[in-house]
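Dear colleague,

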Amino acid sequence: MAASGFQAFLNSPVGPKTTHFWGPIANWGFVAAGLVDMQKPPEMISGNMTSAMCIYSALFMRFAWMVQPRNYLLLACHASNETVQLYQLSRWARAQGYLSSSTKEEEKPAQ
């Protein structure tokens, strides 16, 4: 029974014999790289590249949803990447002063 299920997976339209499988597997590298980059200082983040990655992942999330057969592995990969990249973009924007964060200096009354 398990062998027939595995055989069905191998031969499915989104199985490992297709790009619907290997494309998302390769794209998980973007997510891993973004997670590793969270340990780096925000000054090292490229705002342009991170913005491009956000747009890229948003477009491919839509593609993964619209393509037939629907590619849930690609959707999960790009949703994860979108989350990581948006966090990185917020770190970059905060470091550049585009986003203000509440600090103790702002809360102190003027003397």
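H3 and H4 pack at an angle of about 155°, and their axes lie 8 Å apart. That angle makes H3 roughly antiparallel to H4, since angles over 145 degrees count as roughly antiparallel and those under 35 as roughly parallel, with 65 to 115 being roughly perpendicular and the rest oblique. Axes here are lines fitted to C-alpha atoms, for helices over the stretch in contact, and angles run from 0 to 180 degrees between N-to-C directions. Helices (H or I, at least four residues) are DSSP runs numbered from the N terminus, as are strands (E, at least two).

Please note that this is a predicted model, in which local features need pLDDT of at least 70 and side-chain atom pairs count only at pLDDT 80 or more, while totals for chains, interfaces and linings use all residues. Residues are numbered from 1 along each chain as its sequence is written, and side-chain values use heavy atoms, with hydrogens and water left out.

The crossing of H3 and H4 is left-handed (the near helix is turned anticlockwise from the far one by less than a right angle; clockwise would be right-handed). In the contact of H3 with H4 there are 16 nonpolar, eight polar and one charged residues. For these classes, Ala, Val, Leu, Ile, Met, Phe, Trp, Tyr, Cys and Pro count as nonpolar, Asp, Glu, Lys and Arg as charged, and the others, Gly among them, as polar.

In the loop between H3 and H4 lies Pro69. A cis peptide bond joins Gln68 and Pro69, with omega about 0°.

H2 and H4 pack at an angle of about 20°, their axes being 9 Å apart. H2 is therefore roughly parallel to H4, and H2 passes H4 in a left-handed crossing. By class, the contact of H2 with H4 has twelve nonpolar, seven polar and two charged residues.

The largest pocket has a volume of about 260 Å³. Of the 13 residues lining this pocket, Asp37, Met49, Thr50, Gln85 and Gln88 are the closest to its centre. A pocket is an open set of points on a 1 Å grid over the protein atoms alone where a 1.4 Å probe fits, with protein on both sides within 12 Å along at least five of seven lines; lining residues have an atom within 4 Å of a point. H2 gives the largest share of the lining, four residues.

Yours sincerely

Definitions and conventions. Points joined across faces, edges and corners; volume = space filled by probe spheres on them.
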